[in-house]
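Please open the model in a viewer and follow the selections below in order.

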Amino acid sequence: MNAKFFLWAAAAGWATTAQPQSYAGLGTEAEGFAIPQPGTQLSFPADHGPHPDFRIEWWYLTANLEGPDDADYGIQWTLFRSALAPGEADGWQSPQIWMAHAAATSQDQHLFAERIARGGVGQAGVRAAPFEAWIDDWQMLSTGESLENISLSAAGNGFSYDLNLTADGPLVLHGDAGYSVKSASGQASHYYSQPHYQISGTLELQQGPVKVTGRGWLDREWSSQPLAEDQSGWDWFSLSFDSGGKLMGFVLRGESGDFTSGTWISPDGTAEPLAPGAFQAAPLEYSDVEGRKIPTRWQTSLPEKGVSVEVQALNPQSWMGTSFSYWEGPVTVTGSHSGTGYLEMTGYE
Amino acid sequence: MTGAALLAILSHWRRHPLQLATLILGIALATGLWSAVQAINTEARASYARAAEQLGTAGADRLIPETGMIPLGQYAALRRAGWQLAPVLEGTVRFERQSFDIMGVDLLQHPLAAALSEAAEHDGVPPLDALLPPGRLFAHPETAVLLQASQTVHPVTALADLPRGVAVADISLASTLLRRPDSLSYLLVLPDQRPGLSPLKELAPELRLAAARSAASDTARLTDSFHLNLTAFGLLAFAVGLFIVQGTIALSIEQRRGMIRTLRSLGVPMQLLTGLFAAELAVVALAAGAAGLAGGFVVAAALLPDVSATLAGLYGAPVDGGLSLRPGWAISGLAMALGGTFLAGSQALIALWRMPLLAAPATRARGQQASRSHIAGAVSGALLIAGGFLVLNIFQGLIAGFAFLGALMLGAALLLPMLISAGLRFGARLAKRPFAEWLWADTRAQLPGMSLALMALLLALAANVGVGTMVSSFRLTFTGWLDQRLFAEVYVTASSDDQGAALAEWFDAKGITALPRRYSDTRYQGAPLRIYGVTDDPAFRQNWPLLDALPDAWDQVAGGRAVMVNEQLARRYGIAPGSLLQLEPGWDLTVAGIYSDYGNPNGQVMVSLPSLLARAPGIPNRHFGVRVAPEQISILIRDIREQFDLPRENITDQATAKARSLAVFERTFVVTAALNLLTLGVAGFALLTSLLTLWNQRLPQLAPVWAMGLTRRQLARTEILRSLLLAAVTAVLALPLGLVLAWALLSVINVEAFGWKLPMYLFPLDWLRLFLLALLAAVIAAALPARRLSRIDPAELLKVFANER
């Protein structure tokens with residue numbers, strides 16, 4: 001579920017700096033926008049495409065990669081959609097705004113870039129079938145019929161990547177058939193993932209191009225009122241264990257207590273939604289990142305599956321200094337299970 | 001010794017305070033007018049730069065279509081190729097009362113975004129509301145007030161950092177107002193581009209990359225000619241001022257020859273003496289220059305509003321009202337004063353340097369010496385004029401035009417002494433009586449001392465004739481052109497398109513001919529172009545002011561095969577009737593005719609309305625020219641007002657429309673006229689000073705005549721007569737020079753500067769007025785010396801025979 005509830009604020013503040021109060025209240029009102037309903041049957045490939053009646057939506061891909069010298073890398077490719085008003089219109093009249101973040105991370109480098117676009121004029125958008133998501137020259141493109149085979153590319157100052165992704169498992173619907181509850185008071189989103197990508201391609205950092213292979217995780221989520229009023233940020237984990245299982249878990253930090261949830265994904269791709277409170281995460285170590293104290297080593301556990309692992313940032317300085325800043329980067333997992341994953345943390349001011 | 005020598009040198013001014021005043025005034029005048037023009041130019045240019053900066057276009061390169069507009073799809077394609085671009089859509093929108101320039105920007109991309117969102121937040125409005133209907137207009141507080149008065153649909157946010165006259169809006173609103181949902185005017189190339197992108201030349205060969213500097217100075221380029229005009233006037237005034245200075249410096253050194261001889265006899269080295277004179281000049285130049293700067297600043301501040309009006313009227317260029325004091329301007333002004341003074345004094349200083357130790361301060365054998373220098377001057381003058389014609393024939397452009405004018409004026413001035421001298425010799429031959437003979441000869445002898453002042457007068461008079469002829473010819477042509485162009489009796493502007501449609505129907509139902517005025521703004525070779533769509537109405541065939549046309553021009557236009565182009569466009573791109581013109585890729589038309597279009601800096605064409613509508617279906621239909629019998633005009637206006645809710649100013653009868661156009665025209669030349677008058681004033685002053693400075697030298701020549709029996713009163717009358725005579729001869733000679741100047745202004749400078757050529761008309765009454773003005777100046781200039789002469793103590797005249805001098 002990662003991702004920027006900041007987004008509304010991101011769009012709202014095309015020029016002003018991020019103000020915590022500007023996003024905190026935004027989750028609550030959804031006038032005119034569609035509201036996620038339990039029992040909604042997701043249908044594909046249509047739901048790979050945009051849902052302009054909902055306020056926010058994203059196509060969010062993270063990947064843990066390895067170079068020929070066993071060096072670890074991570075990449076992020078995210079396209080956000082934010083609607084100023086529900087629905088779609090032609091040309092400049094479109095109320096849809098698009099924003100994208102791309103990043104490439106190694107142990108000692110973290111490079112990122114941001115793109116912003118208006119909807120309706122072709123500069124950015126998403127098409128369900130054949131699948132295509134793009135903004136400027138960044139794109140996620142289906143090379144087959146659906147999301148099973150895609151090519152992914154982005155380029156910013158000092159980095160670029162061009163990757164081929166092949167899914168070797170099914171789509172995963174989070175929560176109740178894709179209806180994912182986000183707070184005790186009922187805020188929710190539609191949320192599904194494709195966490196089974198095998199990746200190969202080229203990653204170019206400042207020292208030159210590297211052939212890379214690895215695995216990737218795509219998140220799809222849309223909503224209109226995703227945050228409860230008192231929730232100020234979240235810590236989100238997507239972990240892929242070497243044993244084949246996967247864990248998605250998040251902590252939404254709120255004044256009236258944290259809300260945690262997630263999904264356990266068996267090696268065969270079967271998803272089990274986690275009850276609130278089942279997933280636990282506690283910081284072990286903080287790092288100074290851009291003048292903030294950010295937890296970059298965590299103890300996470302899911303007792304019912306015997307999971308108790310330490311999650312360590314590959315590069316503690318994985319700060320996304322974009323219009324709306326947050327921490328996002330690859331992690332390594334040790335303990336009861338070993339593996340890799342991605343960690344996203346927001347709301348650390 | 002140095003101190004004593006300095007004191008001795010400076011004591012001269014105590015005895016000749018008027019001379020000192022003349023010197024200071026001359027330098028101050030020259031510096032002042034020049035600096036005024038510079039201040040105006042600098043201010044205007046700074047205004048353009050500020051406007052470009054305020055609109056966020058200063059730092060960025062721009063992609064401009066060579067022809068037409070940029071299709072929206074091309075913008076998306078370039079973005080998808082990785083280029084970071086900000087789209088801009090420009091145009092003019094008419095709200096109920098007034099037209100506004102609209103600049104539509106993508107608020108998410110444009111460099112202005114930060115300032116605009118801050119302003120919106122300051123107003124307590126979420127910035128992104130500007131992206132949703134009804135949108136939001138951003139404008140300078142003064143423009144914001146006008147926008148709010150003209151419409152109430154779109155809220156307005158005032159932002160002092162924006163230039164006046166422009167409304168900035170998100171492109172979603174601008175594209176609706178301008179009815180351009182899928183085209184763009186240009187693309188800003190944002191500063192941050194990633195390496196490794198395909199070159200724009202390959203991706204979009206039909207778009208031209210305009211460098212940031214040239215983009216910022218689009219207005220500057222357009223108005224360059226105007227500023228060059230002002231500079232030329234400033235230079236003329238400077239030169240005229242220097243004539244005064246040169247004469248005064250020469251005289252002051254001449255009069256101190258006795259003192260110089262004495263000082264040198266006492267052992268003061270020549271180097272020291274020359275150095276002291278130079279230092280004296282420098283101090284005077286700096287003091288007078290400073291005074292001139294102060295005066296120049298005042299003049300500039302007084303003229304700036306008119307200049308602003310002119311620039312706004314002619315080019316739509318924004319110039320703010322305020323004048324600011326710039327150190328660079330002051331320093332360059334002082335440098336001009338210093339340089340000019342030394343240039344003017346160089347001859348006198350060199351003569352001083354070369355003076356033999358015991359050279360007598362004798363009265364010069366003026367006549368012989370003069371005739372030699374007359375010939376040298378005349379030869380160089382003739383060469384200059386010939387060179388000027390050569391430049392005009394070889395080179396093109398505004399600079400060549402001004403170089404020609406400069407050479408012509410200076411050459412003619414240099415020729416003047418010889419011409420007057422020849423005239424006087426001719427006069428002397430006619431003289432029968434001794435007194436008359438003496439008068440002619442004495443006048444000729446006096447010529448060298450006065451020739452500089454006469455040259456100044458010649459230049460001022462010629463400039464007056466030339467510029468006056470140009471302005472009057474322009475006015476005459478313009479008035480006639482207005483008569484042709486504004487042939488409809490009533491002009492109506494609807495408040496909205498719905499009302500426009502209703503009006504059209506109403507006219508139709510009443511059987512009234514109403515010619516719609518509909519247009520689409522685009523670009524030709526990167527420059528703005530307006531395409532008018534016209535209906536096939538006999539009124540155009542009868543009235544439209546064509547300069548050149550194919551035989552069946554209007555038939556071809558009506559058939560959609562041909563286009564009429566305005567003179568500016570035709571001259572700029574060498575278009576002639578019969579040639580092909582591409583308005584848009586795939587839309588090539590034969591040029592059927594060329595029409596005059598004064599007062600418009602931009603290209604304009606006319607095509608048949610149906611063919612325009614086929615390409616630009618959504619263009620507004622709000623303006624109508626209504627044909628109606630003269631006696632029906634007031635009834636029609638009343639009927640329209642009763643039928644439609646239209647503000648008074650949206651209905652204009654022909655006479656009012658003409659008056660408005662003429663008012664704009666008159667304002668355009670206010671500055672020219674003011675500078676013209678100032679130059680003439682300087683010349684008159686030059687005449688006065690030279691007569692005054694000559695006065696002392698004249699005594700030795702007048703005393704013998706007085707001794708022979710002429711009364712002082714007679715002598716004084718003679719002085720005035722002589723002054724009149726010289727001024728009259730100069731004025732007569734100035735006339736042909738002025739006419740050549742007028743020709744050059746109308747046929748060379750105007751064409752280069754504005755893109756139109758004007759026929760030249762002659763205004764003999766104006767010449768007569770100017771002639772009398774010159775005589776008046778001569779009388780006034782001579783009056784003071786004459787008065788002194790008539791009251792001079794006879795003892796003074798007697799002293800001439802006793803004293804050394």
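This is a predicted model: local features need pLDDT of at least 70, side-chain atom pairs count only at pLDDT 80 or more; totals for chains, interfaces and linings use all residues.

Begin by selecting His154(B) together with the side chain of Gln151(B): the backbone nitrogen of His154(B) lies 2.8 Å from a polar atom of that side chain. Residues are numbered from 1 along each chain as its sequence is written, chains are lettered from A and ligands numbered from 1 in the order in which they are written, and side-chain values use heavy atoms, leaving out hydrogens and water.

Keep Gln151(B) selected; its place is the loop between α5 (141-150) and β6 (156-158) of chain B. Helices (H or I, at least four residues) and strands (E, at least two) are DSSP runs, numbered from the N terminus. Gln151(B) is buried, with a relative accessible area of 8%; buried means under 20% relative accessible area, with a 1.4 Å probe and protein chains only.

Next, show Phe95(B), Leu137(B) and Val156(B), which Gln151(B) contacts (heavy atoms within 4.5 Å) when neighbours within four places in sequence are left aside. The C-alpha atom of Glu96(B), 55 residues away along the chain, is 6.5 Å from that of Gln151(B).

Finally, display the open sheet of eight strands in chain B, with the order β6-β5-β7-β4-β3-β9-β1-β10 and mixed pairing. Strands β6 and β10 (207-210) of chain B stand at its edges, each with a single partner strand, so one side of each has no neighbour in the sheet. Two strands pair if DSSP finds at least two bridges between them.

Technical notes
Buried means under 20% relative accessible area, exposed over 50%, partly exposed in between (1.4 Å probe, protein chains only). A polar contact is a pair of N or O atoms within 3.5 Å; within protein, one must be able to donate a hydrogen and the other to accept it, and residues adjacent in sequence count only if both atoms are side-chain atoms.
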